[in-house]
Structure formats: C-alpha cells, structure tokens
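Subject: Handover of a structure

Dear colleague,

Please find below the structure that I am handing over to you. I would be grateful if you could read the notes that follow it with the model open.

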Amino acid sequence: MVRINHAGRILTNLVITDNLNNATTNETYIPSSFLLRKVTMDAIGDIQSYDATINLAPILTFSPDNKSFTIQMGNIVNDS
C-alpha cells in the first residue's frame, strides 16, 4: 500500500514509478493486483473510509517483462 497526498496538497504532473532491479530473480509485478482507491484519512493518516475505486487502465503501464510500472496521475487537487 502506498499513500498518496495525505496532506491534501495540490500535486502537479504526479508520476509514480517503480522497478524491480534485481535481475537475478524471477519476480515480476502482477498487473491485475494493482488497485487505486480514493480514501478519507484522519490527521495521522489512518483510513477512515473508502470513497471510490479509480480505473487504472488509462494511466497505468507496465514494461514488457512486468518488472517496472508507471502510473501517470496527472494533477491532483486536495479533494482527489
């Protein structure tokens, strides 16, 4: 789980990316396991409610070997 924008700030052109650098393993990302939810958090970051599930299809891409991914989040405002 990764928390994005707990502080509720405006984020411009947000991109989330990661890769599995260790070429000696067979580990890969499982595309169907990715989920993006809009939630409400309290002041310390504990989730209070799950408000929406976001469709990742238009913003999530994987490398051909599924060892890296990029999510093009775009502009995030304090209510997103």
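The notes below go from the whole chain to single residues.

This is a predicted model, in which local features need pLDDT of at least 70 and side-chain atom pairs count only at pLDDT 80 or more, while totals for chains, interfaces and linings use all residues. Residues are numbered from 1 along each chain as its sequence is written, and side-chain values use heavy atoms, with hydrogens and water left out.

The chain as a whole

The chain contains zero helices and five strands, in the order β-β-β-β-β along the sequence. Here helices (H or I, at least four residues) and strands (E, at least two) are DSSP runs, numbered from the N terminus. Along the principal axes, the C-alpha atoms fill a box of roughly 40 × 25 × 20 Å.

The accessible surface of the chain is about 6000 Å², and 51% of that belongs to carbon and sulfur atoms; such areas come from the Shrake-Rupley method with a 1.4 Å probe, and for residues only the protein chains shown count as cover. Of the 80 residues, 16% count as buried. Buried means under 20% relative accessible area, exposed over 50%, and partly exposed in between (1.4 Å probe, protein chains only).

A contact means heavy atoms within 4.5 Å. Among contacts between residues at least 6 apart in sequence, 58% join residues at least 24 apart.

The nonpolar core

A nonpolar core is a set of buried Ala, Val, Leu, Ile, Met, Phe, Trp, Tyr and Cys residues joined through side-chain atoms within 4.5 Å. The largest one has nine residues: L14, Y29, L36, L56, L60, F69, I71, M73 and I76. Strand β5 (residues 68–76) supplies the largest share of this core, four residues.

M73 lies in strand β5 and is buried, at 18% relative accessible area. Leaving aside residues up to four places away in sequence, M73 touches I4, L14, I16, L36 and I59. M73 and F62 are 11 residues apart in sequence, and their C-alpha atoms are 15 Å apart in space.

Y29, another member of the core, touches residues including D18, F34, F62 and F69, again not counting those up to four places away in sequence.

The segment before β1

G8 belongs to the segment before β1 (11–19). With a relative accessibility of 23%, G8 counts as partly exposed. G8 and M41 are 33 residues apart along the chain, with 9.8 Å between their C-alpha atoms.

Yours sincerely
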